[in-house]
Amino acid sequence: MSVLKGVIFDFNGTLLWDTPYHNRAWNIFLEKYGIKLSDAEIRDKFHGKNNRDIFTLLFKGKLSSQQILKYASEKEAIYRKLIEDDDFQLASGVTRLFNFCLGACIPMAIATSSEKENTDFYVERYKLKRWFQANRIVYNDYSFRGKPEPDIFVKAASRLFLHPSEIIVFEDSYAGIAAAEKFGAGKIIIVNSTHDNYSEYQYPIISNFTAGLQIIKTEIADERNQRIMLEI
């Protein structure tokens, strides 16, 4: 069994508990185009997936790449304004976790299905460069398959110079969990930010980042310290 050494975080719904904002943005967007979906349908069809896959599904594959980009930009602009209007912040305990990992030299990356516009917005708004090198924030640039395929995690792991089995992945969406499984993550932590039913999974489920920090301390920092002591 490989030793855990680093962490990859999903962003939306994991570090930023913004699912209600995405749902509200989707409802505003869909109403404009005469489409009605429940929050449960939005969750099952959209969460964790990239906009190309979402709009291809939504409009039954009848869109050009330019149309997809136009619709995606429109919806995400609605979402960003909602976030700004409410001054919505990262999940409680996230910055403390980041600070611990930075101080303990634990490699971290973000693997988000968000596109560049939203990712740039997050980097600026939440000052993510305090904790993450630019190349360790991996976003959807349409050069690889979206979740539930594992490509984004593979790309993030390459930036950490770690094997999948050496990485803890924090995820919240069903598509993201499936991607982490295909990736072969050493450990998967489910972040239950929306009170969903994850009973089909055997992975640890957390509802706050105090628990997430404790997992990182136990699984990576304490384990590493014990190995160092044995080597001395």
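Start by selecting helix 7 (residues 151–160) and helix 8 (residues 174–183), whose axes come within 8 Å and cross at roughly 55°. Axes here are lines fitted to C-alpha atoms, for helices over the stretch in contact, with angles running from 0 to 180 degrees between N-to-C directions. Helix 7 and helix 8 are therefore oblique to each other (under 35 degrees counts as roughly parallel, over 145 as roughly antiparallel, 65 to 115 as roughly perpendicular, and the rest as oblique). Now show side chains: Phe 153, Val 154 and Ala 157 of helix 7 make the contact with Gly 176, Ala 179, Ala 180 and Phe 183 of helix 8 (contact means heavy atoms within 4.5 Å). These residues divide into six nonpolar, one polar and no charged.

A word on the model: it is predicted, local features need pLDDT of at least 70, side-chain atom pairs count only at pLDDT 80 or more, and totals for chains, interfaces and linings use all residues. Residues are numbered from 1 along each chain as its sequence is written, and side-chain values use heavy atoms, with hydrogens and water left out.

Next, pick Ser 193, in the loop between strand 5 (187–191) and strand 6 (205–206). Is Ser 193 buried or exposed? Ser 193 counts as buried because its relative accessibility is 14% (buried is under 20%, exposed over 50%, partly exposed in between, with a 1.4 Å probe and protein chains only). Look for a polar atom of the Ser 193 side chain 2.7 Å from the backbone oxygen of Gly 13. Leaving out residues up to four places away in sequence, Ser 193 touches Gly 13, Trp 17 and Asp 172.

Conventions. Helix = DSSP H or I, 4+ residues; strand = E, 2+ residues; numbered from the N terminus. Polar contact = N/O pair within 3.5 Å; in protein donor to acceptor, adjacent residues only side chain to side chain. Nonpolar A, V, L, I, M, F, W, Y, C, P; charged D, E, K, R; others polar.
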